[in-house]
Amino acid sequence: MSSLDSPRLTLWRDITPLPSPLIHPPPFSPHILVIGGGVTGLVSSWVLLDKGYRVTVLAKDFVSDEPGKRLTSQIAGALWEFPPAVCGSHTDRISLERSKVWCMTAYHIWDGIADIKQLRDDSGVRMMPSTFFFPSAIEEDPDQFDKMEEMIASGVRGFRRSTQIMEEQKVDPEYGAVDAYQLLAPIIDTDKGMHWLTSLVRSKGAKFVTREIDCDLLDIEEALRVEFKADAIVNATGLQGTTLAGDNSCYPIRGGLIRVINDGANFPKVEAALTITADAVHDSSEIIFLVPRNDNILLIGGFAEPHEQSLDLTLDSPIVKRMRSRCEAFLPSLKKARLDESYPFAQGLRPFRQRNVRVERELRSKKSRIVHSYGQGGAGWSLSFGCAQDVLALVEEALSGVQARPMAEMWHVSQLDPCTRALGQAVSNTALVAIENRAHPKLRPRI
Ligand SMILES: Cc1cc2nc3c(=O)[nH]c(=O)nc-3n(C[C@H](O)[C@H](O)[C@H](O)COP(=O)(O)OP(=O)(O)OC[C@H]3O[C@@H](n4cnc5c(N)ncnc54)[C@H](O)[C@@H]3O)c2cc1C
């Protein structure tokens, strides 16, 4: 069985959060150069290290708490979402279907991490209620209804659909949300999470090198492999696919999050993520994205500005003010919110790509042993371990001399993981009963 057919990557069986590698690298174990120290690079490194590979992580920047120096992975709201995520829709069928597999792999691993108190405290990963609101009955939007069905069948925990949720969460009925569902989802305190991932990968034996690469990796692959005695290279540089992979279809989607104190003193503590997705309202300028980052901070978002490169927004920028007013109209208690004075506003560039996420070998040269994992957009944390499992499989293919194939050839829908294949085709009876019982009396699922 090739690694590409392997069962879903599983915590404690395939990887562990313990400081030493699950499989100690045997003598002459292949050495992998991972370029990128964000969530994509670090989680890929973790998986490779636990499989007995030696790893060097090379990046221009690593995790930092200095203002203006945080990585995109730290800026993220880091709410786990079933694709498409809050801020955008998918343009590529293969990437969308693969993302459903990736996100479920990550879901179970984050869930396993959050399940152990010490790990939860160290990593900043928690399972929290995550609520999605809709401007009309979900059945009226076939895409949203299909997504809900798939999500229920996927194995997420704590799914519940109810029109009571609007009242329970004290959202203003005037805002126009008339339907909602909730599930338990991972939410990561990213500053904590990135420090934890960095030290975990280091403790498992990875070496760290700070360096910027400013050209196409293919042009310097040989030189890099000689310099680092590397057997393969993983490119996890987020938005830099344009330069490092010669991929002109990469572009940023700028976003920002206001940070307020969520200690219950000024408004009732928000203890669930509350969101209205761009897909649900068919308008990316109407996103609501409220996410409790940790016990003390609530993130208020969001917006999505394609092709905006600069990080020069302030709390007074019109788009930020509009976002705040929109969220206050949705959840009026936020009008009394107090800013986190030490870090009131976070902004960053989501690494998008025209055909969505690329986890694929370098195709321009038959000899190349480069594996790309970039373009995770607004979902790098949601897809993390899933993408890393494919990275591992592709590295193993490259090392064993298998010819590289395009993603579209590797992942025909018929070849997708059996679980994903089942999604959308055969929603379990239990799931349908759950919808029926919880749906608005006038609403009934399509069977
Ligand atoms: C406002 C906002 C909200 C978000 N919300 C969520 C969310 O709720 N859920 C979610 O899952 N995701 C969310 N995201 C998306 C998430 O942040 C990204 O998908 C994720 O961080 C991508 O991780 P990465 O490791 O690929 O890239 P990055 O974090 O950008 O890391 C890239 C790494 O590559 C290195 N690098 C780059 N160029 C070079 C070079 N030339 N040479 C050497 N090294 C280089 C960098 O130094 C860095 O170490 C959000 C993003 C934003 C901006």
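## Words and the numbers behind them

Guide: Gladly! Leaving aside neighbours within four places in sequence, Arg-293 is in contact with Asp-189, Leu-298 and Leu-299. Please keep in mind that this is a predicted model.

Visitor: Where in the chain is Arg-293 found?

Guide: Arg-293 is in the loop between strand S10 (288-292) and strand S11 (297-301).

Visitor: How do you know whether Arg-293 counts as buried or exposed?

Guide: We count C-beta neighbours, and a residue is buried if 20 or more other C-beta atoms lie within 10 Å of its own. Arg-293 has 24 C-beta neighbours inside 10 Å, so Arg-293 counts as buried. Over the whole chain of 447 residues, 48% count as buried.

Visitor: How far apart are Arg-293 and Asp-191 in sequence and in space?

Guide: Arg-293 and Asp-191 are 102 residues apart in sequence, and their C-alpha atoms are 10.0 Å apart in space. For the chain as a whole, take the contacts between residues at least 6 apart in sequence: 78% of these join residues at least 24 apart.

Visitor: Let us turn to the helices. How many helices and strands are there in the chain?

Guide: The chain has 15 helices and 15 strands.

Visitor: Why is H1 called roughly parallel to H7?

Guide: H1 and helix H7 (residues 190-203) pack at an angle of about 30°, and their axes are 10 Å apart. Angles under 35 degrees count as roughly parallel, so H1 is roughly parallel to H7. H1 passes H7 in a left-handed crossing. In this contact, Val-39, Leu-42, Val-43, Ser-45, Trp-46 and Leu-49 in H1 meet Leu-197, Thr-198, Leu-200 and Val-201 in H7. The contact of H1 with H7 has eight nonpolar, two polar and no charged residues.

Visitor: And why are H3 and H12 called roughly perpendicular to each other?

Guide: The axes of helix H3 (residues 93-114) and H12 cross at roughly 110° and come within 6 Å. The range for roughly perpendicular is 65 to 115, and H3 and H12 are therefore roughly perpendicular to each other. Residues that meet here include Trp-102 and Ala-106 in H3, with Phe-385 and Gly-386 in H12. The contact of H3 with H12 divides into eight nonpolar, six polar and no charged residues.

Visitor: Which residues come nearest to the ligand?

Guide: Of the 39 residues around the ligand, Gly-38, Ala-76, Gly-238, Gly-255 and Gly-380 come nearest. H1, helix H2 (72-75), strand S8 (250-261), strand S13 (345-353) and H12 each supply at least two residues of the shell. By class, the shell around the ligand has 15 nonpolar, 19 polar and five charged residues.

Key:
Residues are numbered from 1 along each chain as its sequence is written. This is a predicted model: local features need pLDDT of at least 70, side-chain atom pairs count only at pLDDT 80 or more; totals for chains, interfaces and linings use all residues. Helices (H or I, at least four residues) and strands (E, at least two) are DSSP runs, numbered from the N terminus. A residue is buried if 20 or more other C-beta atoms lie within 10 Å of its own, exposed if 12 or fewer, and partly exposed in between; C-beta atoms are placed from the backbone. Two residues are in contact if their C-beta atoms, placed from the backbone, lie within 7 Å. A residue is near a molecule or strand if its C-beta atom, placed from the backbone, lies within 6 Å of it. Ala, Val, Leu, Ile, Met, Phe, Trp, Tyr, Cys and Pro count as nonpolar, Asp, Glu, Lys and Arg as charged, and the others, Gly among them, as polar. Axes are lines fitted to C-alpha atoms, for helices over the stretch in contact, and angles run from 0 to 180 degrees between N-to-C directions. Angles under 35 degrees count as roughly parallel, over 145 as roughly antiparallel, 65 to 115 as roughly perpendicular and the rest as oblique. A crossing is left-handed if the near helix is turned anticlockwise from the far one by less than a right angle, and right-handed if clockwise.
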